[in-house]
Amino acid sequence: LSKTSKLDGILSWSLQALETCQGSVNGDGTLVDACKGCYATTGNYNYPNVKAPRIHNKEDWQRVEWVDDMVQALDSSRYFRWFDSGDVYTLGLAEKILEVMIRTPWCKHWLPTRMHKFPKYRSVFTRMQALDNVKVRFSSDSVTGEFIQGTHGSVIIPTVQDKPDNVTLCEAYSRDGKCSGCRACYDKSVPVIGYPAHGRKMAKVIRLAVA
């Protein structure tokens with residue numbers, strides 16, 4: 001497990017970006033726009049000590065005892081984030097995550113994913129969403145605020161001023177990149193979160209997308 005300063009110390013479980021993200025790729029093999037500027041492929045994410053637990057997790061979840069260990073690890077957690085990098089790259093992992101969610105009703109889980117694009121995952125995501133303590137957010141591939149109402153639960157927007165109607169703005173940008181107590185991403189009553197783009201890499205992606 002890891003802690004990120006943005007999430008106020010909330011624990012998360014992650015994998016290596018891109019190599020576990022089948023949903024990040026278009027039919028022609030190119031990355032979708034939202035993943036071209038992926039923050040988890042830059043900066044601190046390239047350090048060996050940051051990569052190590054993500055590489056470890058790809059093997060570790062396959063242990064028979066993994067679900068029991070995760071439930072124990074979340075004993076005192078009230079919020080938990082799945083995948084600040086990586087994604088649910090196999091159905092077996094998805095089923096195990098669902099079991100952890102079921103067995104930790106005291107903890108609110110937030111799981112962002114692009115794997116909803118693949119029909120075989122839809123049943124397990126539906127079962128996750130049916131739990132009172134779980135919010136699965138299907139990520140839009142757009143970097144210009146385009147999303148499908150009723151399907152996507154999050155989308156990247158170029159600037160704060162570009163926030164579409166019926167989208168809840170992530171205001172971490174105004175708090176030095178930190179959630180600072182906001183828990184909208186975990187809130188089942190919040191249909192879509194809009195994340196303002198940040199970083200030079202993403203700015204370039206947006207320029208090309210709107211050109």
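Ser2 of this predicted model touches Ile10, Leu11, Ser12, Arg54 and Asp84, when residues up to four places away in sequence are not counted and contact is taken as heavy atoms within 4.5 Å. The residue is found in strand E1 (residues 2–3), where strands (E, at least two residues) and helices (H or I, at least four) are DSSP runs numbered from the N terminus. Ser2 and Val124 are separated by 122 residues in sequence and by 25 Å in space, C-alpha to C-alpha. Residues are numbered from 1 along each chain as its sequence is written. Local features of the predicted model need pLDDT of at least 70, side-chain atom pairs count only at pLDDT 80 or more, and totals for chains, interfaces and linings use all residues, while side-chain values use heavy atoms, with hydrogens and water left out.

Asp84 also takes part in the surroundings of Ser14, whose contacts, leaving aside neighbours within four places in sequence, are Arg54, Asn57, Phe83, Asp84 and Ser85. Ser14 lies in the loop between E2 and helix H1 (33–36), and counts as buried because its relative accessibility is 2%, buried meaning under 20% relative accessible area, exposed over 50% and partly exposed in between (1.4 Å probe, protein chains only). The side chains of Ser14 and Asp84 form a polar contact at 2.6 Å, that is, a pair of N or O atoms within 3.5 Å of which, within protein, one must be able to donate a hydrogen and the other to accept it, residues adjacent in sequence counting only if both atoms are side-chain atoms.

Beyond four places in sequence, the residues touched by Leu111 include Trp82, Phe83, Met128 and Val136.

Overall, the protein contains six helices and eight strands, and buried residues make up 47% of its 211 residues. Of the contacts with a separation of 6 or more, 72% are between residues 24 or more positions apart. The C-alpha trace spans about 50 × 35 × 35 Å along its principal axes.
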